[in-house]
Amino acid sequence: MRLVERQTELALINGLIDLLCQGEGAVLLIDGPVASGKTEIIQAVAHRAMSAGAQVLTATASVLERDFPLGVVAQLIEDVPEDGNPRSSGMVSVVKALRGLAQAQENYPMNLMIDVYDQLTEIAKKSPVIVIVDDLHHSDSVSLSLILGLARRAQRRPMLFVLSQQSSCMRGHQLFQTELRRQPHCHYMQLKPLSPAAVGEMLAQHLGREQALRLAPVHTALSGGNPLLLRALLDDYRNALAGSLHDGSCLVPGDAYRQAVTACLQRGSGDATEVARALAVLQTSHSEHLAGRLLDLDNDAVERLKRVLTGVGLLTGTGFRHPVARDAALENTPTARRATLHLRAARLLFQDGARATAVAAHLLAAGEAQYPWAVGVLTKAAEEVLCDDRAGLAQSYLELALRESGDPDQRAAVTLQLARTIWRRSPDRALRRTLAMVNTFDFHDATENQAIQLIKSLLRHGMFSEAEDMLESMDERVTAQTHPVSENVRAFRLWLNCSYPVLAQRFPFTPPPTGDRDEHLAAPAASALLRATTLLHDVLSRNPAPHEIAATQEELQILRLSDATLEPLGTALMALIYADWIDSAEQWCTMLLGEATQRGVPAWIGVLSSVMAEIALRRGDVQATEEHARAALFHISTEGWGVAVGSTLAALLMAITARGDLRAAEMLVNQPLPERMFDTRDGLHYQQARGRFHLALGNPHAALRDFEACSARMRDWSLDRPTLVPWRTDAAQALLRLGRMDEGRALAEEQLGLLEPNQLRARGMTLRVLAATAPPQDRLGLLGQSVQALERVRDRLELAQALADLSHAQGSLGDHTGARNAMIRARQLARACKAEALVRSLSDSAEEGLKRRSSAAPPTTEDKPLDVEPEGAELSEAERRVARLVARGRSNREVANQLFVTVSTVEQHLTSIYRKLNIGRRAELRSLYLEIA
């Protein structure tokens, strides 16, 4: 590689060699940072000297031979030709004498140095002599003294001494520097970093001119103009180009650059290397300002050494030029030394009151936490990094804390915190981690939160006996307290009542009266979990007023999604679902699931996907139900869900059954289940889903057994709410299949009596089943009410079934046009929600029969089927509803009232409909629908 930007230096060399050939000696001292090109300059000197016929004696000092007396002089003499000349043997004898004196730590006599000089003079009589010593700063002190004495006398003979050094490494040899540089024949050459233009010129020797100009700025920035680093970067670039995944558009420092940085550190000043190591360690916490205290150096010394590293091309004003350089500095640090530096940095930061994360980063890097305050710092740091969704780092902090902790109570607290952290990414591993501490857990010394967390883990894993033992201990401790029951315990007991009612019966807890409860929840300190569990308990035990539900929802919607808020948010969402507030639950859960997905927390995605599956199920969206349920099981394994897997499996089973894939549904039913799952609220959902599968399979007896078992549990647990599981309508349908009409009617009527006016979904389902038990003349009214209720809650699957029943009822009474219209809507809805089983049941032959019967008389205007979308139109579901009602002659206000929207919304939909259908008024819309029908 041709030297660039060294024209001045080469000119000086040529001039000195010319003078040498004329008999005039000199000294050339080449100074520059490590890897700045000193060796290349020396090689240019040697090449030029040999071309001029000079005798070249060379030596390279090494840090490994610094304590070897006269090691450098010995290398020089090795270059003297062994031609039998007495001068050669004379020099060898002189060196042996000097080495003997040095080993005996005696000062050599001046006459011996003169003998060496005389011997060199004899050589110079035949040809000029050039003595080259590279890396002079690593020379032994005896060789330095001898070289200084010889160099001072060089002017009188054709001798040129060329010496290269790093001045930053010569601080212990100030006398040598002063004496040498004050000689009139000494020339000083300072090598500076390459300029950006020189970098571009150097790159152009290997790359195209255009490419070199484009890459020069980044090569300059990463190398600092250091030729060694520059060549390494060029090697990395060319190696990357040879790979198939690099297009040459960018520079990525690699192994060559890393090795070059290591070489710079190993060949440079030991003090500067230590500062580089300290800075690399401190960059872990962005606390480079502590370098002096870390190394016990004053600030002036640190700044001087940082300037040295900057000159080498490793640092800028803000730190290392690239993370690879910093990594190389760390790798160059012996493991024990690196751990020591990290521990000292942690102690300094802790003493300065730094953030826990800064201190913990060094403890983790050191791999130990020997200080008494370390465990507390690590646990606090874990909480902080979890807020940034860095669960892996939090886990590492806690594992180190657990390894270093010796106090049993402290270990229990750290273990539970670690389990919560692991749960984010792997709930099944978190569950195993928690259960491993059951036998060593001291309940009496544990905090309430620790005890509650462990009990919940035991319950989820189906270990009810162990959980009962801890619940007994909790009851004893609560009974012995003189102060009121804490919010944590209240929330936990309410949760137990709603989720594990079998155990709640053994350990009864009576919520406070309504007035006391409202007063308590109104307190500012009332926890989010207490508010959410109270709402869920109220929904499942009584019918809270709409304003109570809305108030709790408003209070909880301000919560930011986190590990601490996931449970109250999920609990509140389920409360809204069971209260038939599906719209609110869907909007809220969609937002939360989007955030969980964006932040990439698997456990959050799993929990919220399970909630979304229940919402989609109650929307009658078969495809969305299956997708969300599978997502929930993908992000949280069945083992991770434990006994709580019931509701997710139920949603999946119902979706697959509605899709008509009974073989897949049967495989799901035959999968092993957690033993205690049916003793939970989630088990109720699964038992309902399995009963519906049996109905679809044509086995009403098995279905009835499931529904009756579900009934028994709900009654026994005081959770008999139709909005939770409408087992009566399910059992009624099984009874109707068995021909037990009166029993089915009684169950439907009983359920209807339990419903509140605002519980429209359950009401619509109940009215549809009740209509199946009613006389033909009464069915239309019941089914009309059912359709109206289900349209308002937008459950497409239940609405499709109600419309199908309405079609059959209308057909049996001779209203064939109405029957056809209802059937068309039912089929459209069934297809839209991917309920293939229902689509197949609404057979084409039945529809064709209705068409034939209605063809005897032309349809009137009122009988025209206005539920077919015009061909080619791409109307949204909302636009289709508006279009159908307007085509029937409804006014904008009537449409708004029926669809529960504003008049302005109707007008906006109409504008869009007119544009999409290329029409301009209402009459055209009606004509278009009649024409297609």
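Entry 1: I looked up the bridge partner of Val133 in β4 and found Leu163, in a predicted model where local features need pLDDT of at least 70, side-chain atom pairs count only at pLDDT 80 or more, and totals for chains, interfaces and linings use all residues. I kept to the numbering that starts from 1 along each chain as its sequence is written, and side-chain values use heavy atoms, with hydrogens and water left out. Strands here (E, at least two residues) and helices (H or I, at least four) are DSSP runs numbered from the N terminus, and two strands pair if DSSP finds at least two bridges between them.

By that criterion β3 and strand β4 (residues 159-165) pair in the parallel sense over 5 bridges. Between the two strands the chain passes through helix α6 (residues 141-152), and this β-α-β crossover is right-handed, a term for a path from the first strand over the helix to the second that runs clockwise with the strands pointing away from the viewer. I then turned to strand β2 (residues 55-60), which pairs with β3 in the parallel sense over 6 bridges, and noted that Leu57 has Val131 as its bridge partner in β3.

Which residues of β3 are buried on each side? I found Val129, Val131 and Val133 buried on one side and Ile130, Ile132 and Asp134 on the other, where buried means under 20% relative accessible area, exposed over 50% and partly exposed in between, with a 1.4 Å probe and protein chains only. That accounts for 6 of the 6 residues of β3 (129-134). I recall that side chains in a regular strand alternate between the two faces of the sheet.

**Entry 2: the whole sheet.** I traced an open sheet of 5 strands with parallel pairing, in the order β2-β3-β4-β1-β5. At its edges stand β2 and β5 (186-190), each with a single partner strand, so one side of each is left without a neighbour in the sheet. Neighbouring strands are turned by 15° against each other on average, direction ignored; axes are lines fitted to C-alpha atoms, for helices over the stretch in contact, and angles run from 0 to 180 degrees between N-to-C directions.

I also noted that α2 packs on the sheet, touching β1, β2, β3, β4 and β5, and that its direction makes about 165° with that of β3; contact means heavy atoms within 4.5 Å. Helix α7 (residues 174-181) lies across β1, β4 and β5 and runs at about 130° to β1.

Entry 3: In the loop between β1 (26-31) and α2 (38-51) I came to Ala35, which has a positive phi of about 60° although it is not a glycine. Ala35 is buried, with a relative accessible area of 9%. His286, in the loop between α12 (270-282) and α13 (291-295), likewise has a positive phi, of about 55°, and is not a glycine. Is His286 buried or exposed? I found that His286 counts as exposed, because its relative accessibility is 66%.

**Entry 4: α9 against α10.** The axes of helix α9 (residues 209-223) and helix α10 (residues 227-242) come within 10 Å and cross at roughly 125°. The two helices are therefore oblique to each other, given that angles under 35 degrees count as roughly parallel, over 145 as roughly antiparallel, 65 to 115 as roughly perpendicular and the rest as oblique. I listed the residues that make the contact: Gln211, Arg214, Leu215, His219, Leu222 and Ser223 of α9, and Leu229, Leu230, Leu233, Leu234, Tyr237 and Leu241 of α10.

Entry 5: I checked helix α38 (residues 727-737) and found 8 of its 11 residues buried, among them Trp727, Arg728 and Asp730. The cover over the buried residues includes α36 (681-696), α37 (700-716), α39 (741-754) and α40 (760-773). After α38 comes Gly739, with a positive phi near 80°.

Gly594 sits in helix α30 (residues 582-599), and I recorded it as partly exposed because its relative accessibility is 38%. Its C-alpha atom is separated by 9.5 Å from that of Leu608, 14 residues apart along the chain.

**Entry 6: chain totals.** Of the contacts with a separation of 6 or more, 68% come from residues 24 or more positions apart.
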